[in-house]
Amino acid sequence: MPKKGTISSVQMAAMLYFAIMATAILGPPALMYTFAQQDMWISPIWASFIGAFTLLLVFRLSREYPGQTYVQICITVCGPVLGRVIAGVYVLFYLHVNSIILREFVELVVSKFLYNTPEMVIVAGMMLLCAFAVRGGIEVLGRISQIVLPVILSLLFLLLFFVIPEMNLTFMLPVFEDGLLPSLKGAIPPATWFSEFFLLTFLLPFVRDGKAGKWSAISLGAVMLSMVIVNIFVISLFGPVSGSFGYPVMTFIEYISISNFLEHLEAFVMMIWVVGAFVKISVFFYGVVLGTAQTFKLKDYRPIVLPLAGLHIVFNYWSIKNASMLVYYLQKLDPFYLVTFQTLLPLVMLIVVKARKNWRKQG
Amino acid sequence: MSRLMASKKTVGAVLLLISLQTCLTGCWGKREINEMSFISGIGIERTESGQVELSVQIPLPMQTGGGQPGEANPGKNLVQSAIGINMADALSKLQLKLSNQLFLAHNRVLILGERIVKQGFREEVDFFTSHPGTRLRTYVFATKGDPKLVLGLTAPNERSSAEILREMAVQHREVRGVTLKHIIIASSQGLGGIQIPRIEVTKAQPDKEGQTQGISVNGAVVVRGYKQSGDLSAQQVYPVPWIRNIEDSRMITVPIRKTGGWISFYLLKVHTVMQPRFQGQERIIEFRIKAQTNVIQNGTVLNLMNTDVLERVEEELNKSIEQQVKQTMKAVLRNCKTDLFDFHDLLRRKQPAEWRKLQNQWQEVLPTITIQVSADCTIRRSGMSNAPIGIPKEGVKGK
């Protein structure tokens, strides 16, 4: 392995925030509306329980095996052969998920802004940038997140501030019209995003200041709060048509017109989108690279960064054929796919670990 | 030796960077501003054969700008139109007539022709929501007759007629706010409706030939499900902002029956609360309107400094507002049969049990709703003068 870097808890929290929020701003509000209607702003609160549970799992596992990522834990627990198979599946899983995130990113850029640009330029450009960042190592990623987070957040809230005059809060009423169920159903799509807190497992070994627990909880709270705020904006601006726009946040930022002067602000949304997606893809990519290196016990992960980046590009074309498939995937498959891999299977792993421990004690 | 290698590497890297830069300029894809046609206004109308006639207004770059400040500088515009199966088809045919690339993102105004409003324009709205270059903040107007005439109008005080309309939409509150977004939201559940301001081309001096023409807003077209369901006259549209609680400062002129004459008020703030009272066959929606007003013109002999007199005048004002709102509601519910003020949402929120009973026959229920209006106005100030001006003391009532 290369010289192990160290990141601070704050950097870890920033990375996690980006790894989840970056894409959660644009797509999910529309998905949540289709299930929860005017209660959509409550859904992230339910979904955040998945996030909390996932974080808890990661911490419990790392308490059993300090300084190890999930991939290493797999190999330690299940033995060199079976463990490597499971670890390999996880690496492929993250490769697949990350390629879909890449697709999400490209999809918006191509459909809204650069529709004349060859897709490959955008895909490869982004992947190359991420590859450089990942080659730089975990410290580079941590610092990038820490630097851009305040910029992106203040930009986002400034944009939201401009939309306030257009809001119509009566669209949020009646709360709980059909009981709790719609808002619980609406929690399914964001559960996907919250389960991505599992990425912590790749970051935790590098956090050495002992405040990881506190800061990951803050990150979780920040993600939940951001989602709730964004959803309140979406529902109070679009009411019954919140589900009709693929990217409602983009659409309402476009709607801003302050005294005929401050208009066409969607370029700023694009800025948030590109920067956010860059950090998100990089963090996932780091997971893939580190996971691969640990599965095959490589001394250094840097030589495999570029080849894996190439694989992402290919996967990005293989996995999703068109925009409709992307929405279908995000709405119908992703929640079960991601929650299974990032929350349920680790839970099984934890149970196995605990059971063996007890067994040994008794035996 | 190693140093030589290093410098060779550096030179190579620099050369590579320089050669890369030539690729990054992107000159082959350049498009200069004067090679583009920025659309400033769009008009659509249904043809006899059911196709769409799309007209666009394109400001000509040579003529805009310049001139002395304060001097009227009428812009010149090009109006072109094409007929196609739908919007997209018409747009592509329109492109064939123009040398420059059409650019949609700066369009602000959509003018619907008379026929297309009557026959429905849902597919056309879909173009605006699907196309990446259009925006939801497009102010929508309905016109009597051909939208081309409105687009072709030269405006003495603005760059183009589209710019006039956009200004109108922002400044005049009775037309304010009707953008594509509002129309989409109002039509989404098939229950609500919205008023689209109706514009007319007027001549400043009707007898003179070639006089500058103007645009005036005259009433509104009521639309339900992207289709015209009725009309509101200018007078009937007047109270709509009051009911919608749009911050508004407007005049109302009230006849004073007892003494004769009129008093005009400036409405500072109007706030309407709607309360449904549905019970079996009794379907009532109660409007409680609160308003604060200033007197602008007193055409009576009443002394408004006298609080007793003021109270009587307030009553007259209340009555007048109640009457106007009732007339509007009658036109909306009986003639247009449109749920312009989202009573369905109101009922759903306030009386969900009643709503569940009525939701399937809402369209039939609508005309049977009784509207009760009670206005409560406060006159805050009676103008800059104390007593009616120019009347001898003996003539003034209520000293």
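**View 1. Chain B as a whole in the predicted model.** Of the 399 residues in chain B, 34% are buried. The model is a predicted one. Chain B holds 13 helices and 14 strands. Take the contacts in chain B between residues at least 6 apart in sequence: 71% of them join residues at least 24 apart.

**View 2. The four-stranded sheet of chain B.** Four strands of chain B line up in the order β11-β12-β13-β14. The sheet is open, and its pairing is mixed. β11 (250-255) and β14 (370-381) of chain B are the edge strands. Each has a single partner strand, so one side of each lacks a neighbour in the sheet. On average, neighbouring strands of this sheet are turned by 40 degrees against each other, direction ignored.

**View 3. Strands β12 and β13 of chain B.** β12 (residues 262-279) and β13 (residues 282-298) of chain B pair over 16 bridges. The sense of the pairing is antiparallel. M274(B) has its bridge partner, F287(B), in β13(B).

**View 4. Helices lying across the sheet.** Helix α10 of chain B covers residues 307-335 and lies across β11, β12, β13 and β14 of chain B. Against β14(B), α10 runs at about 145 degrees. Helix α11 of chain B, residues 343-350, lies across β12 and β13 of chain B. Its angle to β12(B) is about 55 degrees. F343(B), D345(B) and L347(B) are buried residues in α11(B). The cover over the buried residues of α11(B) includes β12, β13 and α12 (352-358) of chain B.

**View 5. The β9-β10 hairpin of chain B.** Strands β9 (residues 213-223) and β10 (residues 228-232) of chain B run antiparallel and are joined by four bridges. One bridge partner pair is V223(B) and Q228(B), the latter in β10(B). Four residues lie between the two strands of this hairpin. In the turn, G225(B) has a positive phi of about 60 degrees.

**View 6. Helices α4 and α7 of chain B.** The axes of α4 (residues 122-130) and α7 (residues 180-187) of chain B come within 11 Å. They cross at roughly 120 degrees. α4(B) and α7(B) are therefore oblique to each other. Their crossing is left-handed. V125(B), F128(B) and T129(B) of α4(B) make the contact with L180(B), I183(B) and I184(B) of α7(B). By class, the residues of the contact of α4(B) with α7(B) are five nonpolar, one polar and no charged.

**View 7. Helices α6 and α14 of chain A.** α6 (residues 119-136) and α14 (residues 305-319) of chain A pack at an angle of about 150 degrees. Their axes are 9 Å apart. The two helices, α6(A) and α14(A), are therefore roughly antiparallel. The crossing of α6(A) and α14(A) is right-handed. On α6(A), the contact residues include V123(A), A124(A), M127(A) and L128(A). Among those on α14(A) are V305(A), L306(A), A309(A) and H312(A). Eleven residues of the contact of α6(A) with α14(A) are nonpolar, two are polar and one is charged.

**View 8. Where chain A meets chain B.** Contacts link 14 residues of chain A with twelve residues of chain B. On the chain A side, α5 (80-113) and α12 (248-254) of chain A are the elements that give two or more residues. This side of chain A has seven nonpolar, five polar and two charged residues.

Definitions and conventions
Residues numbered from 1 in each chain as written. Chains lettered and ligands numbered in written order. Predicted model: local features only at pLDDT ≥ 70, side-chain atom pairs only at ≥ 80, totals over all residues. Contact = placed C-beta atoms within 7 Å. Nonpolar A, V, L, I, M, F, W, Y, C, P; charged D, E, K, R; others polar. Axes fitted to C-alpha atoms, helices over the stretch in contact; angles between N-to-C directions. Parallel < 35°, antiparallel > 145°, perpendicular 65-115°, else oblique. Left-handed = near helix turned anticlockwise from the far one by under 90°. Pairing = 2+ DSSP bridges. Buried ≥ 20, exposed ≤ 12 C-beta atoms within 10 Å, placed from the backbone.
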